[in-house]
Amino acid sequence: RGAAKEEAARAARAEEAARRAEEDALLKPLRDRATGIEFPPKLDDDLYLLGVGVRKKAIINVYSVGAYSSREVRFDALSSFSAGSDRKRASATLRTAARSAPAKTSVLLEMAFKAGADAMASAIAESVAPRHGGDKGDVESLKSLIFDGVKAKGGAATKGTKLRFDCRPGVGVAVSVDGNTIGMVESIDLGAALCDVFLDDKAVSPPLRDSCLQNCCGS
């Protein structure tokens, strides 16, 4: 009986893996309409693209941004919501799910306009600070990592530069620039604050949040 049970479990896992592979094969990149920058549907660490958008400053498209999270956030968290009629509840659920994803939520920025190291680091830190209720030193550490990463590229984040923030709930935020790991800020709630920069009611990129809802809601 034990062997039969184990075999049935193995068959169920294989069936689930096959189903997921089929779903993954249907996924397509998303393109930010404002800049033409395209984001892959999945990152190599099993993070799925939730949506894309642009960060504008006045009339300038500064960067495009893609939000990635776990399979559960992408396919399950918003499946019962309508992007139209349930927008308010769907937005709140998206934010909660991204902030508490069991693995991590990653934010990937690709520059569409040149920005200096200090300007880039300060802009992101200034957006995170009012959303972060913990140690102010966490935000300063994040700012320093961004500055160091961009400075290493010659002092500016030029068009095409990619900055990635991996937000792990209760752990912290890891920063990389063009695939090179810069460092990590250990913090219980910094990751949630950074997610809020892009997903709360005052998000710096409303098109990103709209795209996430359109892409992840059930109808």
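Figure 1. Leu43 is buried at a relative accessible area of 11%, where buried denotes under 20% relative accessible area, exposed over 50% and partly exposed the range in between (1.4 Å probe, protein chains only). This is a predicted model, in which local features need pLDDT of at least 70 and side-chain atom pairs count only at pLDDT 80 or more, whereas totals for chains, interfaces and linings use all residues. Residues are numbered from 1 along each chain as its sequence is written, and side-chain values use heavy atoms, with hydrogens and water left out. Leu43 belongs to strand S3 (residues 42-43); helices (H or I, at least four residues) and strands (E, at least two) are DSSP runs numbered from the N terminus. Not counting residues up to four places away in sequence, Leu43 touches Tyr68 and Arg164, contact being defined as heavy atoms within 4.5 Å. Between Leu43 and Lys159, which are 116 residues apart in sequence, the C-alpha to C-alpha distance is 21 Å.

**Figure 2. Asp45 in the loop between S3 and S4.** Asp45 is located in the loop that joins S3 and S4. With a relative accessible area of 30%, Asp45 is partly exposed. Its contacts, leaving aside neighbours within four places in sequence, are with Lys104 and Arg164. Arg164 is also touched by Leu43. The C-alpha atoms of Asp45 and Phe81 are separated by 27 Å, the two residues being 36 residues apart along the chain.

**Figure 3. Helix H3 and its buried side.** Helix H3 (residues 87-99) comprises 13 residues and spans 18 Å from its first C-alpha to its last, close to the 18 Å expected at 1.5 Å a residue; the expected span is 1.5 Å times one less than the number of residues. Ala90, Ser91, Leu94, Ala97 and Ala98 are the buried residues in H3. They lie on the same side of H3 because they cover an arc of only 135° around the axis, the arc being that of the directions from the helix axis to the C-beta atoms. An α-helix has 3.6 residues a turn, so residues three or four places apart point the same way. The face turned away from the buried side of H3 carries the exposed residues Lys88 and Arg89. The cover over the buried residues of H3 includes strand S4 (47-57), helix H2 (71-75), strand S6 (105-111), helix H6 (190-199) and helix H7 (206-216).

**Figure 4. Packing of H3 against H7.** The two helices pack at an angle of about 100°, and their axes are 10 Å apart; axes are lines fitted to C-alpha atoms, for helices over the stretch in contact, with angles running from 0 to 180 degrees between N-to-C directions. H3 is therefore roughly perpendicular to H7, a class that spans 65 to 115 degrees, while angles under 35 count as roughly parallel, over 145 as roughly antiparallel and the rest as oblique. H3 contributes Arg87, Ala90, Ser91 and Leu94 to the contact, and H7 contributes Arg209, Asp210, Cys212 and Leu213.

**Figure 5. Cysteines without a disulfide.** The structure holds zero disulfides, a disulfide being a pair of cysteine sulfur atoms within 2.5 Å. For Cys216, the nearest cysteine sulfur is that of Cys212, 5.8 Å away. The sulfur of Cys217 is 7.2 Å from its closest cysteine sulfur, in Cys216, which is too far for a bond. Cys216 is buried, at a relative accessible area of 5%, and Cys217 is buried as well, at 10%.

**Figure 6. Helix H4 and the position of Ala119.** Helix H4 (residues 117-128) has 12 residues and reaches 17 Å from its first C-alpha to its last, close to the 16 Å expected at 1.5 Å a residue. Among its buried residues are Ala117, Met120, Ala121 and Ile124. Ala119, also in H4, is partly exposed at a relative accessible area of 47%. The C-alpha atoms of Ala119 and Phe147, 28 residues apart in sequence, are 8.6 Å apart in space.

Figure 7. Most residues other than glycine have a negative phi. Ala58, however, has a positive phi near 60°; the residue is found in the loop between S4 and strand S5 (60-69) and is exposed at 73% relative accessibility. Phi of Asp178 is likewise positive, near 50°. Asp178 is placed in the loop between strand S10 (172-177) and strand S11 (180-186), and counts as partly exposed at 35% relative accessibility.
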